[in-house]
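Subject: The structure we talked about

Hello,

Here is the structure for you to open alongside this note. Below it I have written up what turned up when I went through it.

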Amino acid sequence: MSQEDNEILDLVDNDDQVIGTIVRNDAMSLPPEGSRFIRGVSVVVTDGSGRVWTPIRNTNKSIAPGGYDNSAEGHLSVGETYEQCAVRELREETGIDATIDDLELLYYGKHPGIPYIFKFFLLQTTQQPALSDEHTSGKWLTPQQIMDAINSGKSAKDTVSFAVSLLIEKRKV
């Protein structure tokens, strides 16, 4: 079991109130429609022309190996806020230095089909993302290119299509 699998996470209830802690590896067995959840963030990074930084996951990942990932994503550490986690994950996974004030909230709530309460954020930047060791490559794609690829069978984490759909809906407003 990796050090990441042994990470201790806050366990929360339906109202996002901490009710205890759970080992990350054990959290993966929580029922998706239960009453206990873990917390996560996802950040969609866009450039000035609305393209989304889309990293490609390493093939050794257990979920969507070789598939699309969100620009930055992760679990909250014990006691960490969603916003602090988003800034940390951006730095760890893309090398982008951002502040909490740079983030725009796209969604806060349960993620369908997985035992998570998520905050999805948008970050528009002129910074060029770097690759983390979790990804083999990355590219700037339009939201429609991402959705078309997923709809044509491209592997991706479930959170990718959810995040891109949120971005597309935001732009319609």
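Let me begin with T54. Leaving aside neighbours within four places in sequence, T54 is in contact (heavy atoms within 4.5 Å) with Y68, D69, S137, G138, K139, L141 and I146. Before going further, please note that this is a predicted model, in which local features need pLDDT of at least 70 and side-chain atom pairs count only at pLDDT 80 or more, while totals for chains, interfaces and linings use all residues. Residues are numbered from 1 along each chain as its sequence is written, and side-chain values use heavy atoms, with hydrogens and water left out.

T54 sits in strand 4, residues 52–57. Strands (E, at least two residues) and helices (H or I, at least four) are DSSP runs, numbered from the N terminus. With a relative accessible area of 1%, T54 is buried. Buried means under 20% relative accessible area, exposed over 50%, and partly exposed in between, with a 1.4 Å probe and protein chains only. A polar atom of the T54 side chain lies 3.0 Å from the backbone oxygen of V52.

Beyond the residues within four places in sequence, the contacts of R57 include I63, Y68, E134, H135 and K157. A64 itself is in the loop between strand 4 and strand 5 and counts as buried at 12% relative accessibility. Phi of A64 is near 50°, a positive value in a residue other than glycine. D16 is another non-glycine residue with a positive phi, about 65°; D16 lies in the loop between strand 1 (8–12) and strand 2 (18–23) and is buried, at 7% relative accessibility.

Now to the empty space. Rolling a probe the size of a water molecule over the atoms shows where empty space is left. On a 1 Å grid over the protein atoms alone, a cavity is a set of points where a 1.4 Å probe fits but cannot get out, and a pocket is an open set with protein on both sides within 12 Å along at least five of seven lines; lining residues have an atom within 4 Å of a point. Grid points are joined across faces, edges and corners, and a volume is the space filled by probe spheres set on the points.

The structure holds one cavity of 30 Å³ or more, and the largest cavity has a volume of about 40 Å³. T54 and I146 are among the residues that line it, as are W53 and D69. Strand 4 gives the most to this lining, with three residues.

The largest pocket holds about 810 Å³ of space. Of its 28 lining residues, R24, I63, H75, Y116 and K157 are the closest to its centre. Helix 2 gives the most to the lining, with four residues. By class, the lining has six nonpolar, six polar and 16 charged residues; Ala, Val, Leu, Ile, Met, Phe, Trp, Tyr, Cys and Pro count as nonpolar, Asp, Glu, Lys and Arg as charged, and the others, Gly among them, as polar.

Which residues of helix 3 are buried? In this helix, residues 143–151, they are P143, I146, M147 and I150. Seen down the helix axis, they fall within an arc of 95° (taken from the directions from the axis to the C-beta atoms), so they line one face of helix 3. Just after helix 3, G153 takes a positive phi of about 110°.

Lastly, W140 is found in strand 8, residues 135–141, and counts as buried at 16% relative accessibility. The W140 side chain makes a polar contact of 3.3 Å with the side chain of Q128. T126, in the loop between strand 7 and strand 8, is exposed, with a relative accessible area of 83%.

Best wishes

Key. Polar contact = N/O pair within 3.5 Å; in protein donor to acceptor, adjacent residues only side chain to side chain.
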